[in-house]
Amino acid sequence: MAWIAKQSGTATVERRPEPYLTDSMKTELTERYLPRFETKQGALIPALHMIQHAYTWIPLQAMEEVGAFLELKPSEVIDCASFYEEFHLRPRGEHMIAVCRSIACEFCDHKAITDVCREKLGIEVGETTDDGKFSLVELECLGSCGSAPVALIDEDLHEMLTPATIGAAIDEAMSGKRAAVGVSTSDLS
Ligand code: FES
């Protein structure tokens, strides 16, 4: 397999005047997360989650700020952030549709679920709709193999999907209503 070299060393960092890593984030990291770990590096994933939760993606400037706060090199931060598909390193849509492609869902024809998403949204996996509303991705196991095939629409897990139920869930999401077709984790709380 050929190595694919990224141009990380010459990447341009687009900057904004205000920091992404806010004082309140630093306080939360200091008080809630850092005490749990032997080294500051332990708080890297919580810090990246915090940034993504606030901005929906993780800009390079934010990675630099996280690195400075946790005394890590920017390369260590980007290595971690780019390893996990759940971290978005480019701007993404307002809503995220993530279809599981791991083995249980693959056996249960996850491809048919992804195909409905592609057709409904008019985009391919990894793309965002022109209006910036929806992004479509495929992820590894979402931890719900017993109810495969599954997909996340934002933070709602939809289980035992069929082409009809994922289609209805996307229609609801597109209409601006809460996507509530199928079994949703938020229905269980
Ligand atoms: S393989 Fe899809 S949830 Fe585990």
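Student: Where do I start? What does the secondary structure of the protein come to?

Tutor: Start with the elements. This predicted model has seven helices and five strands.

Student: In what order do the elements run from the N terminus on?

Tutor: The order is α-α-α-α-β-α-α-β-β-β-α-β.

Student: How do I describe two packed helices?

Tutor: Two values describe such a pair: the angle between the axes and the distance between them. Take helix α2, residues 44–55, and helix α3, residues 60–70. Their axes cross at roughly 145° and come within 11 Å. The crossing of α2 past α3 is right-handed.

Student: Which residues of α2 and α3 make the contact?

Tutor: From α2, L44, A47, L48 and I51 take part. From α3, the residues are A62, V66 and L70. Sorted by type, this contact has seven nonpolar residues, no polar and no charged.

Student: Now the pair α3 and α4. At what angle do they pack, and how far apart are their axes?

Tutor: Helix α4 covers residues 74–83. The angle between α3 and α4 is about 120°, and their axes lie 8 Å apart.

Student: Why are α3 and α4 called oblique to each other?

Tutor: Use the cut-offs. Roughly perpendicular ends at 115 degrees, and roughly antiparallel needs over 145. The angle here is about 120°, so α3 and α4 count as oblique. Their crossing is right-handed.

Student: Which residues meet in the contact of α3 with α4?

Tutor: On the α3 side, look at M63, E64, V66 and G67. On the α4 side, look at P74, E76, V77, I78 and A81. The contact divides into six nonpolar residues, one polar and two charged. Note V66: this residue of α3 takes part in the contact with α2, and V66 also meets α4.

Student: What is I113 in contact with, leaving aside its neighbours within four places in sequence?

Tutor: The partners are V99, P149, A151, L161, P163 and I166. Take A151: I113 and A151 are 38 residues apart along the chain, yet their C-alpha atoms are separated by 8.4 Å.

Student: How do I read sequence separation for the whole protein?

Tutor: Consider contacts between residues at least 6 apart in sequence. Of these, 57% join residues at least 24 apart.

Note on methods. Residues are numbered from 1 along each chain as its sequence is written. This is a predicted model: local features need pLDDT of at least 70, side-chain atom pairs count only at pLDDT 80 or more; totals for chains, interfaces and linings use all residues. Axes are lines fitted to C-alpha atoms, for helices over the stretch in contact, and angles run from 0 to 180 degrees between N-to-C directions. Helices (H or I, at least four residues) and strands (E, at least two) are DSSP runs, numbered from the N terminus. A crossing is left-handed if the near helix is turned anticlockwise from the far one by less than a right angle, and right-handed if clockwise. Two residues are in contact if their C-beta atoms, placed from the backbone, lie within 7 Å. Ala, Val, Leu, Ile, Met, Phe, Trp, Tyr, Cys and Pro count as nonpolar, Asp, Glu, Lys and Arg as charged, and the others, Gly among them, as polar. Angles under 35 degrees count as roughly parallel, over 145 as roughly antiparallel, 65 to 115 as roughly perpendicular and the rest as oblique.
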